[in-house]
Amino acid sequence: MIPFALRWSRPALWLQAHIQRRRRARRFRTHDGINGHCPVCDRTVRFVDWQDNARESPLCLRCGSVPRQRALQHVLAASLDLANARVHESSPSLCTFQALRARCRSYVASYFVPGRSPGARLGAFCNVDLGAQPFPDAAFDAVVTQDVFEHLPDPRGALREIARTLRPGGVHVFTVPRTLGVATRVRAELRDGALHHRLPPEHHRDPSDPRGSLVMTDFGDDLEAIVQSNGLRCRVERVLQAKAGIPRMVEVFVATKG
Ligand SMILES: [Zn+2]
């Protein structure tokens with residue numbers, strides 16, 4: 001077992017990314033694809049279909065990004081001047097970690113490892129519980145979360161902390177799976193430190209955890225209202241750009257601190 005800090009150190013990340021790209025390119029070489037420009041790796045690439053999910057397919061054969069990551073990158077670049085922006089991303093994927101670290105004035109990438117001290121270095125990352133962050137008020141121009149909020153035990157507390165760490169006018173740009181036509185429902189909750197399931201446990205794939213990541217909340221129509229009741233104005237951008245490898249509509253949320 002490789003220690004967590006080493007697993008996520010910069011040389012390890014670079015090597016892991018390189019190996020993943022080689023494997024992916026071999027695995028999907030014969031799949032149907034289209035050529036286009038990837039907003040994550042900023043290259044002319046081939047996008048290949050690998051599953052029937054508008055948010056997760058097609059895949060960029062160069063950086064491994066999927067439509068929701070490319071849509072977020074597109075909205076983020078349109079929402080602020082990245083070269084002058086201080087950005088915090090919670091639980092980044094490898095491809096967006098590499099893209100944002102290269103493009104932003106300052107980029108803090110964080111993971112949460114319970115039991116480690118808040119703000120401790122974990123290789124290239126910082127140990128941050130989104131619901132109790134070690135950062136001062138107004139520390140960032142943007143906060144990025146990609147499919148993180150459905151896994152948080154207290155999404156409202158995390159929104160209030162994000163609002164606190166954003167400067168006035170700063171943005172929380174995020175993706176989260178949501179189902180239209182239904183209200184948000186809690187699948188599982190933490191009470192007195194113990195996990196209680198209200199619905200059968202459901203997990204999402206997590207590259208840093210072979211067990212996957214438990215879904216705590218299914219978001220629905222009232223997502224924007226939930227964000228707004230916790231200190232941020234919220235709008236949704238619906239992105240559809242076939243040439244950027246987003247051939248079906250993907251939602252990206254932009255929550256602005258007033
Ligand atoms: Zn790419």
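**View A. Pairing of strands E9 and E17.** Strand E9 (residues 166-175) and strand E17 (residues 246-256) run antiparallel and are joined by four bridges. Strands (E) are DSSP runs of at least two residues and helices (H or I) of at least four, numbered from the N terminus; two strands pair if DSSP finds at least two bridges between them. Val173 stands opposite Val254 in E17. The model is predicted: local features need pLDDT of at least 70 and side-chain atom pairs pLDDT 80 or more, while totals for chains, interfaces and linings use all residues. Residues are numbered from 1 along each chain as its sequence is written, and side-chain values use heavy atoms, without hydrogens and water.

**View B. The open sheet.** Eight strands with mixed pairing form an open sheet in the order E6-E7-E5-E4-E8-E9-E17-E16. Strand E6 (121-122) and strand E16 (233-241) are the edge strands, each pairing on one side only.

**View C. The zinc site.** The protein donors of the zinc ion are Cys38 (SG), Cys41 (SG), Cys60 (SG) and Cys63 (SG), at 2.3 to 2.4 Å. Donors are N, O and S atoms within 2.8 Å of the metal (3.2 Å for Na, K and Ca); water is not among the atoms, so sites may look incomplete. Along the chain, the donors follow the spacing C-x2-C-x18-C-x2-C. Cys41 lies in the loop between strand E1 (33-38) and strand E2 (43-48), and Cys60 in strand E3 (residues 59-60), so the pair ties together parts that are 19 residues apart in sequence.
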